[in-house]
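Subject: Structure handover

Hello,

Please find the structure below, with the sequence. My notes on what was found follow it.

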There are 2 protein chains.
Amino acid sequence: MEKLAVVAFGGNALLRAGQRGTISEQEANVNETCKNLLPLIKNGYNLVIGHGNGPQVGNILLRNSAGTKLYGLPEMPLDVCGAYSQGFIGYIIEQQFRNVLKANGFEKDILTLVTEVLVDKDDPAFQNPTKPIGPYYSDEEVEKLKSETKDVFAKDPKGNGWRKVVASPKPIEIGNKNSIEKLARSGNIVITVGGGGIPVYYPEPGRLEGIDAVIDKDLASSLLATQIGADEFYILTDVPNVCLNFNTPQEVRLSKITVSEAKNYLKDKHFTEGSMAPKVRAAVQFVENGGKECIITEANQLSNPEAGTRIVQD
Amino acid sequence: MEKLAVVAFGGNALLRAGQRGTISEQEANVNETCKNLLPLIKNGYNLVIGHGNGPQVGNILLRNSAGTKLYGLPEMPLDVCGAYSQGFIGYIIEQQFRNVLKANGFEKDILTLVTEVLVDKDDPAFQNPTKPIGPYYSDEEVEKLKSETKDVFAKDPKGNGWRKVVASPKPIEIGNKNSIEKLARSGNIVITVGGGGIPVYYPEPGRLEGIDAVIDKDLASSLLATQIGADEFYILTDVPNVCLNFNTPQEVRLSKITVSEAKNYLKDKHFTEGSMAPKVRAAVQFVENGGKECIITEANQLSNPEAGTRIVQD
């Protein structure tokens, strides 16, 4: 049986800091990332891609809000904005990857699945929403929104005003996971859990509904990798290795660490929250749930089998 | 082998005339449509769903334009807006259908595939764009847009100003059609060709790119039905039958017509362009390409095997 890899990359692989976010920018970025994934295809891996949507869903929320202000269009809830972003990002990854494969003599179907991810409505994260999303609001705007909605807002620490904050609950189950596994194991490239998946919950038994939340995309991809029995889980980022004392003269690049070591480093706060820390946690989750190894690295390092930081069992 | 049906329904099955387009409205409409599809599931059909996106992509284009005006966000081209709408509409159909199936004791995976549809860049439709999309513009706005873009605009016959018009080329090939067929024939419900599919073409051999166009969703679903060898093709609309002399004292409800009869009625302009005419053409296309029959009817008629208008071979 061919080996199965899950590769997760961030919305920043699509839209980089400082870019406006035009389609040609995003297509060029995605094209480069897809080229970087070719070594995995050449090595015979079946591939499932999970991706972030931070900058993209941010822009969707802004357009949403602008459409309401200018044209009185109804607001779309966050789960629906996530679905928009899955269609959009899936489309551009699929198209660029197809072109890259074709140029390199590969023929594979690339399938983008709209993907819901189950969360628990009693997840403590819902008592303490922390993830800022969407546009910034002034004091007056936020007072008005508070009186009209049940939304929670937090003041931006950089002084840009207020933003809506939502919960970031733990993913529990990846929707259609059996189909994802079957499709991937029969040689198709599957794009799924975009933006961490569309969060859904059971308001009552047997009935699913969307919920205002953002699931961490690395945790969702990690759960996916476990639930489909992936051999390898790659988390792509913008540095070649996980480091201790990152960006200091004492910086140490890690090439291989065990789960216990990773947990200790996390405890000692070696990794930045909102950046490397959630990636290391997602890696630990995969290996603790039986995965062989998780590799955290930069996309352009994938041709080098020695590159990156491997998180392995103790 | 179980029988395979393709069912196409319009964006209006999701967002009805006079509704604002809130999510709860659209969810309720979709829920009702999904309940109406249950008789097909109960009769053992494997199911592929194609759907329109007219009202939804209209709102997406408005939000897009508002985001550019208010926040200077880059415009998203039409293919990307189509991809947004596929993610969004697929998500709500998938979720409502899953709930409806569960409530009725069925367990099936429902998969929404982002779907590209190939068109020919030499299609004569590109020389004569006729399909109005997006917001209305004033004379001044349209002059400015004309100087900044290559877009074509047409004056709204009802005097609401100008709108961008795009081509409506013929669909040539449904992306991932083999995977769609395999998934459906193994019992999954597949949602695909949303909004007629995202139009793509080959600017050069081997490289696909999106293009500003709208593919007729009934024609795309018809091609899909042919390419996956569907036994039945259903086109759902808001009347139970195709009629001659519709809405006149001489109205005749058709229950069964041959392809030749259908073509004659089309020639004699019995059916409204932009409404029943394209549906009858899509039906004719399916049957002429070897399909057994196409049924045009209202969703709530599906429990009655005698209902609707059947277009059959001569």
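A:Tyr84 and B:Phe88 are both buried. Please keep in mind that the model is predicted.

These two residues form an aromatic pair. Their ring centres are 5.4 Å apart and their planes meet at 50°, so the pair counts as tilted. A:Tyr84 belongs to helix H3 (residues 78-103) of chain A and B:Phe88 to helix H3 (residues 78-103) of chain B, so the pair joins two chains. Ring pairs also tie A:Tyr84, A:Phe88, B:Tyr84 and B:Phe88 into a cluster. Over all chains, the count is 9 aromatic pairs.

Another of the pairs is B:Tyr137 with B:Phe153, which is edge-to-face, with 5.9 Å from centre to centre and 85° between the planes. B:Tyr137 sits in strand E5 (residues 131-137) of chain B and B:Phe153 in strand E6 (residues 152-155) of chain B; 16 residues apart, they link distant parts of the chain.

In chain A, A:Lys146 lies over the face of A:Trp162, 5.1 Å from the ring centre. In chain B, B:Lys146 lies over the face of B:Trp162, also at 5.1 Å from the ring centre.

Finally, how are the chains related? Chain A superposes on chain B by a rotation of 180° with 0.0 Å of shift along the axis, at an RMSD of 0.0 Å. This is the relation of a two-fold axis. Both copies use the same surface, as 100% of the contact residues of chain A recur in chain B.

Regards

Terms used. Residues numbered from 1 in each chain as written. Chains lettered and ligands numbered in written order. Predicted model: local features only at pLDDT ≥ 70, side-chain atom pairs only at ≥ 80, totals over all residues. Heavy atoms only, no water. Least-squares fit on C-alpha atoms with pLDDT ≥ 70 in both. Contact = heavy atoms within 4.5 Å. Phe/Tyr/Trp six-rings, centres within 6.5 Å; stacked < 30°, edge-to-face > 60°. Helix = DSSP H or I, 4+ residues; strand = E, 2+ residues; numbered from the N terminus. Buried < 20%, exposed > 50% of the residue type's maximum accessible area, 1.4 Å probe, protein only. Lys NZ or Arg CZ within 6 Å of the ring centre and 35° of its normal.
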